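Hello,

Here is the structure I promised you. Please open it first, then read my notes below.

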Amino acid sequence: MHAADLSRPALIARLREARIWDVVVIGGGASGLGCAVDAAARGHSVLLVEAQDFAAGTSSRATKLVHGGVRYLAQGRLALVREALAERAHLLKNAPHLVRPLRFVVPAYRWYDRPLMGVGLGLYDLLASGSSAIGRSRSLDVARTVAALPNVNTAGLRGGIAYMDAQFDDARLALALARTVFDLGGTAINHCEVCELVVEDGRVRGVRVRDRETGEACRVAARVVINATGVWADAVRRLADPAVPPLLRPSQGVHLVVDHEFLPGSDAMLVPRTADGRVLFAIPWQGRVLLGTTDTPRRDTPLEPRPLPGEVDFILATAARHLARAPTRTDVRSAFVGLRPLIGAGDASATRNLSREHVVEVSSRGLVSVTGGKWTTYRLMAADAVDAAQSVAGLPRRDSQTACLPLHGAPSTHGAASASDCYGTDRDQVDRLAGAGRRLVEGLTLTEAEVRYAFRAEFARTVDDVLARRHRALFLDATLAAAAAPAVASILAQERGVGADWCAAECTRFAALAARYRDLGMGV
């Protein structure tokens, strides 16, 4: 498809075509976009609809890691770790402009920590051997540990151990998947919600959707519908069968973003066991440091959750035990919260013990639901869901083609200059637009051209589409993001052809959103 086909009118026109889609996917997060890419790569006609923005929910609020999950080693879940490490290798190869290796250092404060961790991480290396390997773990003495983590607490430090994993930009990877859907001939539309499932003769035969911008609704026919809505999957399952029992028990993870000075250098730090039995990460990310995460059960599933009482203090207190100079509440630039769709409704155990593995369910009415999992294994989730969808719809049985499928923007070689740019091979298109190199606010890299490109080629419709997901300003520094909002609104208004009233409303709405990312521990 040509770039002009990505305009909103062209997308809505495709939505209204009188046709039966092979596959309709509900949900524009990691699993939904993965399903759309997988189905399109198999040659099926695909439509994806997302009620908010691509990755607006959990899929933009991850810990930014593509990893096997070192904590699963202690649980003996070796198959899950091996599977995730293989997927890490696929992502490093298929999206090198968005995924890169990252070294972690685990500080050791007891005499047995290094040998014990060495055994576990040696097993991690073994599970990642062959094509999945990106570097081996190694033991560090005190001097090398301090050199890697210059702000580490040295009181009682006995050295450390280093190992390799990978880091990514979750929202940008979601956008790459959305663009890949179009590259493969499919269609994906954000800000378009499913109002109901169309059920005929006891089977799900399509969806009724509403354009959230105009309020106009239409019916879309499908041979099969995939529910990939993450923590909201149970709500969609109930559209097909109001009496269906829940699958999910959501958990909340809080992340704090502080200045780079609290973890100078390029290595990340892992605290292997916190007071709640989880791990704590301190990760260099886009010029800041990301601290997290918590694991707190909650019954509701708001689109913009906030830290619950005590979660911020828990992260800061844990960091303070491992950093010589520790951040305080006043040092937090932004706090963001993700909800995890954990499998295990009705289970009274701690959410850290619930399954991160995914589940594909086919309802009695033929609705395919995929949920659970994590970003690292999104591709496997999608392949399993599309396998099930093919059976439900009687589609030609074709195998998944995505293991070696480069995602949109991926350079042809890892040595290409675009490998370090989130736009990848699209960077030249961005720089040809008006305002290239003209930064909107001091302290942010966002340019006028990037805002225009976000609207024209990346489906951005609102200020937070740009400042939360096309650029990560809201997650990096909520105050700077709020300062950039008027300029972003003005550019979007020019592109949309709307006036000052729209700008004012967008700025007011975004100011309230940014305040939520600055306010800590509100518990709502």
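In H12, the buried residues are Glu-448, Ala-449, Glu-450, Val-451, Arg-452, Tyr-453, Ala-454, Phe-455 and Ala-457. Buried means under 20% relative accessible area, exposed over 50%, and partly exposed in between (1.4 Å probe, protein chains only). Helices (H or I, at least four residues) and strands (E, at least two) are DSSP runs, numbered from the N terminus.

This is a predicted model: local features need pLDDT of at least 70, side-chain atom pairs count only at pLDDT 80 or more, and totals for chains, interfaces and linings use all residues. Residues are numbered from 1 along each chain as its sequence is written, and side-chain values use heavy atoms, without hydrogens and water.

H12 spans residues 448-457, and nine of its 10 residues are buried. Phe-459 follows H12 and has a positive phi, near 70°.

Now the rings. Rings of Phe, Tyr and Trp (its six-membered ring) pair if their centres lie within 6.5 Å; planes under 30 degrees apart count as stacked, over 60 as edge-to-face and the rest as tilted. The count comes to 11 aromatic pairs. Trp-111 and Tyr-112 are edge-to-face, because their centres are 5.4 Å apart and their planes stand at 90°. Trp-111 is exposed, at 64%. Tyr-112 is partly exposed, at 33%.

Phe-168 and Trp-375 are also edge-to-face, with centres 5.5 Å apart and planes at 75°. Phe-168 lies in strand E6 and Trp-375 in the loop between strand E18 and helix H10, so this pair ties together parts 207 residues apart in sequence. Phe-168 is buried, at 3%. Trp-375 is buried, at 8%.

Best wishes
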